[in-house]
Amino acid sequence: RAAMPLARLLVSLAERRRSVVVRVVSRARVAELVLVEGRAVELAGVDSELLGDALLRAGSLDPSRHGAALHAEAPRGRVGEWLLAQGMVTQGALRAALDTQLRERLATLLGWPACQVSVRAGRDGEAQGVEVLDAVFAGLMHIATQMPRATLRSLAGQRALVATTSGTSELERLTQSDLRTLLCADPSENLCCTRAVIRVLG
């Protein structure tokens, strides 16, 4: 439930294509999310997988070349720019990894308990980042899949979608895509789906 006010705020800012900085404080943690024209372009203060590790996992970075380059010269400045300058990744692979990293950070942020949120004017510019609705939806889906089975059964009952196969509830094997289908008439409509998740979980 702690995620719902933040999720509602982010959906509203994305819909209105606002350029703002959203500051989130939870206990001793502080994060700042930069939105440009309603798209997330930067999120500081939330840990995630290291960029090099994400590129390695995606197969976009050769482990032996990466290791040799690290031994020859430590990265200075931003890691992504260094990797590009060394010719170890393409611009497209770097952008994809950075976007995935940003989505994962935003999903993590939605899981922070008891947040205090403030919003201040941001900068205008070219909005390249990630769709806030996609990231909010993914974060809420992650939260929903962490809910106890009894709560999910109740949710399914509310939606009159309890499916049984040989007496075994499908909710026992509920996946993220199943939950998306459960909550949304048309899973391709992110705004509709995100609002449905907020309504049900909030």
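Student: Is Glu 73 buried, partly exposed or exposed?
Tutor: This is a predicted model, and in it Glu 73 counts as partly exposed, with a relative accessibility of 27%.

Student: And which residue does Glu 73 meet in a salt bridge?
Tutor: The side chain of Glu 73 meets that of Arg 76, with N and O 2.9 Å apart, and Arg 76 counts as exposed at 64% relative accessibility.

Student: How many salt bridges does a search of the whole structure find?
Tutor: The search finds six, and one of them joins Arg 57 to Glu 49 at 2.6 Å from N to O; Arg 57 is exposed at 55% relative accessible area, whereas Glu 49 is partly exposed at 28%.

Student: Which residues are linked in a network?
Tutor: Salt bridges link Arg 23, Glu 32 and Arg 120 in a network.

Student: What about Arg 17, which residue is its salt-bridge partner?
Tutor: Arg 17 pairs with Glu 37, their closest N and O atoms being 3.3 Å apart. Arg 17 lies in the loop between helix 1 and strand 1, and Glu 37 in the loop between strand 2 and strand 3, so the pair ties together parts that are 20 residues apart in sequence. Glu 37 itself is partly exposed, with a relative accessible area of 32%.

Student: Switching topic: is Asp 99 buried or exposed?
Tutor: Asp 99, which is found in helix 5 (residues 91–110), is buried because its relative accessible area is 12%, below the 20% cut-off.

Student: What is Asp 99 in contact with, leaving aside neighbours within four places in sequence?
Tutor: With those neighbours left aside, Asp 99 is in contact with Gly 129 and Val 130.

How values were computed. Residues are numbered from 1 along each chain as its sequence is written. This is a predicted model: local features need pLDDT of at least 70, side-chain atom pairs count only at pLDDT 80 or more; totals for chains, interfaces and linings use all residues. Side-chain values use heavy atoms; hydrogens and water are left out. Helices (H or I, at least four residues) and strands (E, at least two) are DSSP runs, numbered from the N terminus. Buried means under 20% relative accessible area, exposed over 50%, partly exposed in between (1.4 Å probe, protein chains only). Contact means heavy atoms within 4.5 Å. A salt bridge is a side-chain nitrogen of Lys or Arg within 4 Å of a carboxyl oxygen of Asp or Glu.
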